[in-house]
Amino acid sequence: VCKNCSNAGKSYDERADRCLLCNATNTRTIGLLKKQAKKGHPWAQAQLGLEFHEGNLVAQSHYEAIRWYRKAAAKGNPPAMLNLSFSCRRGQGCSRDLIDARAWVLKAAIFDPFKDDAINQLALIGVAYSDSGKLDETQSTLSAI
């Protein structure tokens, strides 16, 4: 279905992901998103990770979410860094790793629009350290805020 002109049916080319009436592409279809992610576009990799995490356009898979978040985060995508930190803190799609979670959130914190989210995530990591009885790590993490 074309999001631009609401065309559904024979005039929409699913393989090309293009509407034959208005010539628009649908960036919300998983096919195009996967194509862009595989080409190495960090925004598409981060979005594909989110789609796998939430199970919106694909079957939910935290493992696949982590895989795409890591690719985007390695290219400097701040939302992917935050989502990767969240997943590492919760152990979703990977084993719980507070050290990795802290490292990714600190990288995301340097981007001003994401600073508040990063501070919130750092506080949650500090609480997780506290709950596990690692008081030195708790103090170190909370002092980074």
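Let's start at Arg 67, which is partly exposed at a relative accessible area of 33% (buried is under 20%, exposed over 50% and partly exposed in between, with a 1.4 Å probe and protein chains only). The model is predicted, so local features need pLDDT of at least 70 and side-chain atom pairs pLDDT 80 or more, while totals for chains, interfaces and linings use all residues. Numbering runs from 1 along each chain as its sequence is written, and side-chain values use heavy atoms, without hydrogens or water.

The side chain of Arg 67 meets that of Glu 64 in a salt bridge, with N and O 3.1 Å apart (a side-chain nitrogen of Lys or Arg within 4 Å of a carboxyl oxygen of Asp or Glu). Both residues belong to helix α3, where three residues, about one turn of the helix, separate them. The whole structure has two salt bridges. In the other, Arg 70 pairs with Asp 100, and their closest N and O atoms are 3.3 Å apart. Because Arg 70 lies in α3 and Asp 100 in α5, this pair ties together parts that are 30 residues apart in sequence. Arg 70, too, is partly exposed, with a relative accessible area of 33%.

Now step back to the whole chain. There are seven helices and two strands (DSSP runs numbered from the N terminus: H or I of at least four residues for helices, E of at least two for strands). Along the sequence they follow the pattern β-β-α-α-α-α-α-α-α. Of the 145 residues, 39% are buried. The chain exposes about 8,200 Å², with carbon and sulfur atoms supplying 51% of that area (Shrake-Rupley, 1.4 Å probe; for residues, only the protein chains shown count as cover).

What holds the inside of this fold? The largest nonpolar core has 30 residues, and those with the most contacts inside it are Leu 48, Phe 52, Ala 73, Leu 84, Val 105 and Ile 125 (such a core joins buried Ala, Val, Leu, Ile, Met, Phe, Trp, Tyr and Cys through side-chain atoms within 4.5 Å). Two or more residues come from each of α1 (30-38), α2 (42-54), α3 (62-74), α4 (78-90), α5 and α6. Helix α3 gives the largest share, six residues.

Look next at α2, whose 13 residues reach 18 Å from first C-alpha to last, close to the 18 Å expected at 1.5 Å a residue (1.5 Å times one less than the number of residues). Its buried residues include Leu 48, Gly 49, Phe 52 and His 53, and their cover includes α1, α3 and α4. Beyond neighbours within four places in sequence, Phe 52 is in contact with Lys 34, Val 58, Glu 64 and Trp 68, among others (heavy atoms within 4.5 Å).

Cys 88 is buried at 0% relative accessibility, whereas Cys 94 is partly exposed, at 21%.

Finally, visit Ile 110, in the loop between α5 (98-108) and α6 (115-131). At 67% relative accessibility, Ile 110 counts as exposed.
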